[in-house]
Amino acid sequence: MTLATATKSKRSAKRASPRKPVDHGAWFLVLPALIPILVLSVGPLLYGIALSFTDSQSGRTEPTQWIGLLNFQDLLHDTLFWDSFRIGLLWAVGVTVPQFFLALGLALLLNQPLRLRWLARALAIIPWAMPEVVVGIMWRLVYHPDAGVLNETLSNLGFGEGRDWLTGTATALFAVIVVGIWAGMPQTTVALLAGLQNTPRELHEAAAMDGAGAWRRFRTVTWPAIKPIALAISALNFIWNFNSFALVYVLTQGGPGGRTRLPMLFAYEEAFRYGQFGYAAAMGCVMVAVISVILAFYLVGRLKGGDE
């Protein structure tokens with residue numbers, strides 16, 4: 001058989017082979033999960049993007065006008081918004097980084113064969129089960145200047161009189177970052193602990209037999225096993241923290257003097273306190289764009305890591 005004849009036979013077989021039928025019934029299985037996403041996520045997002053190009057305000061009798069990029073031009077010169085953006089980045093980094101290292105240490109500890117380990121694991125996830133509003137109220141009581149547990153403890157230890165942590169311009173951001181770290185540690189701990197438990201114990205035993213110490217076993221065995229989980233949970237935590245609202249709102253409402261006014265708080269005030277819906281929607285678009293860029297860098301890094 002010649003090469004031309006063989007090629008012709010393959011083409012004829014390819015044409016003769018029946019096309020794989022499309023399973024339209026699979027879409028009906030996806031619809032129950034897809035419809036809420038479209039209605040509750042994609043729909044409001046598209047509406048918010050459209051709203052950012054208008055002069056929509058509350059209490060107006062005139063119809064809303066299309067103003068193009070005017071809201072975004074005003075944002076470029078809004079120093080208060082960019083101050084809140086800087087505070088949001090400080091908050092997100094200040095919460096995410098310590099939260100990860102503390103959660104990693106706690107996960108390593110809970111992975112050891114300790115007595116009552118089950119009880120320690122249950123207690124470690126208690127902050128995760130508490131609503132953010134309840135966490136904020138509880139920590140407001142802890143930080144209370146007169147009857148708070150923190151000031152009372154510092155006074156008993158001889159560190160002088162207490163201070164108002166949430167209204168002091170030098171301490172407010174630090175105080176809310178501490179609360180953010182405490183409230184967000186459980187989910188990070190659970191994710192890292194799951195990665196640690198899926199690491200084969202035989203690898204640790206083999207490294208120990210080769211004379212590797214604790215640090216070397218962590219660097220060569222543990223960290224490579226949990227690195228994908230660590231990167232994923234850190235990226236999600238950063239996005240979640242940057243978009244925080246309820247916790248900081250309950251603690252300080254953005255004060256004192258805007259020292260804890262995160263971008264989401266700033267957009268909330270513009271929309272529901274001052275009625276500037278179009279301008280607040282433009283702020284939301286900027287925040288979505290920033291988060292999308294960060295997420296894109298993370299995904300590109302994950303794809304490159306997978307190729308290697």
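How do the residues of the lining of the second largest pocket divide into nonpolar, polar and charged? The structure is a predicted model, in which local features need pLDDT of at least 70 and side-chain atom pairs count only at pLDDT 80 or more, whereas totals for chains, interfaces and linings use all residues. Residues are numbered from 1 along each chain as its sequence is written, and side-chain values use heavy atoms, with hydrogens and water left out.

Of its 14 lining residues, Asn 111, Gln 112, Arg 201, His 204 and Thr 222 are the closest to its centre; a lining residue has an atom within 4 Å of a point. Two or more residues each come from helices H9 (172–197), H10 (201–209) and H11 (214–242), with H11 giving the most, four. Helices are DSSP runs (H or I, at least four residues) numbered from the N terminus. The lining divides into five nonpolar, six polar and three charged residues, with Gly counted as polar.

The largest pocket has a volume of about 510 Å³. Its lining comprises 20 residues, with Pro 44, Gly 48, Ala 280, Ala 281 and Gly 284 nearest the centre. Helices H2 (25–51), H13 (263–273) and H14 (277–307) each give two or more residues to this lining, and the largest share, eight residues, comes from H2. By class, 17 lining residues of the largest pocket are nonpolar, three are polar and none is charged.

Note on methods
1 Å grid on protein atoms, 1.4 Å probe; cavity = no way out; pocket = protein on both sides within 12 Å on 5 of 7 lines; lining within 4 Å. Points joined across faces, edges and corners; volume = space filled by probe spheres on them.
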